[in-house]
Amino acid sequence: MATIDEALVRSLLRDRFPDLAGLELRLVDGGWDNRMWRLGEDLALRLPRSERAPALLEREHHWIPTFAAGLPLPVPVPVRLGAPTARFPKSWLVTTWVEGTPADLAPITRPRSAEALAGFLTALHKPAPAGAPRNPDRNVPLAAFAADLDGLSGPLREVWDDALAAPEWDGPAVWCHGDLHVANVVTAEGALSGVVDFGELGAGDPANDLAAAWLLLPDPDVFFKHYDADENTVRRARGWALRRALGLRQIGIAGEEGRTGGKATWRPAAEAALDRLRLLLQ
């Protein structure tokens, strides 16, 4: 595999999309499965660096344009898909650029963001068409992960047990972002301004996305004044939020310890989410 650097990006653009090859390139810090550059002022380019990343980029290219126009917040809309070649044997993607600062660096503080997030998810959570992808780690019953949190105690144990006891989703499978946490939304002056990284996109239970109320917002209760969810869906969403917050905390700790794949900036957001969840059943 070639080294993923600016020289490679320039050569791929010259070969595949010469009309874009002269645009300014700026490496963007972050990204889990892909390395990303800002391309000019209005575009972004993502090159996969994990084994699963090409399939995720192809999924985004195929599906996001089918619903992006109906979303009330900016999202990265795919505009070009680079095919595998001998020089770079994986698919890669050019999308629109979403302006803002990742929320792990600039957290959401503005109260109006709760309504903005609720409006975004209300628009996204429409019944998905036949053939829509299913994510084996997101679009499955929460009970599939029942044993993952066996060591919990106290209020968090109560939240988890209550979520597992909630009836499973029996509505239509709806579009879900699947990975709404602080590194996958951007802010401007403390307000939610965009949603990025749809690599975990799939159809299923909206509760998975509703976990974002605790993961992202200072006051989750305000969110549910603007998003119409039944109580059982809210109970499952708390469980998804707990599972996700614990995972984000582990990645944050790994970052503090300098381990590969760690993101130290994720820990404060994870701890804040866990604090919100501890208050639920008190």
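This short talk covers the pockets and the salt bridges of one structure.

This is a predicted model, in which local features need pLDDT of at least 70 and side-chain atom pairs count only at pLDDT 80 or more, while totals for chains, interfaces and linings use all residues. Residues are numbered from 1 along each chain as its sequence is written, and side-chain values use heavy atoms, with hydrogens and water left out.

Pockets, then. A pocket is an open set of points on a 1 Å grid over the protein atoms alone, where a 1.4 Å probe fits, with protein on both sides within 12 Å along at least five of seven lines; lining residues have an atom within 4 Å of a point. The largest pocket holds about 1200 Å³ of space. Its volume is the space filled by probe spheres set on the points.

Helices here are DSSP runs (H or I, at least four residues), and so are strands (E, at least two). Among the other elements that supply at least two lining residues are β1 (25–28) and β2 (34–39). By type, the lining has 19 nonpolar, 11 polar and 16 charged residues. Charged means Asp, Glu, Lys and Arg; nonpolar means Ala, Val, Leu, Ile, Met, Phe, Trp, Tyr, Cys and Pro; the others, Gly among them, are polar.

The second largest pocket has about 190 Å³. It is lined by 14 residues, and Asn139, Val140, Pro141, Trp169 and Asp205 are the closest to its centre.

Now the salt bridges. Each is a side-chain nitrogen of Lys or Arg within 4 Å of a carboxyl oxygen of Asp or Glu. The whole structure has 27.

Take aspartate 33 and arginine 52. Their closest N and O atoms are 2.9 Å apart. Aspartate 33 sits in the loop between β1 and β2, and arginine 52 in the loop between β3 and α2, so the pair ties together parts 19 residues apart in sequence. Aspartate 33 is buried, at 12% relative accessible area, and buried means under 20%, exposed over 50%, partly exposed in between (1.4 Å probe, protein chains only). Arginine 52, at 39%, is partly exposed.

Arginine 52 also pairs with glutamate 200, at 2.6 Å. That links parts of the chain 148 residues apart. Glutamate 200 is buried, at 7%.

Last, arginine 243 bridges to aspartate 148, at 3.6 Å. Shared partners join Asp33, Arg52, Asp137, Arg138, Asp148, Asp179, Glu200 and Arg243 into one network.
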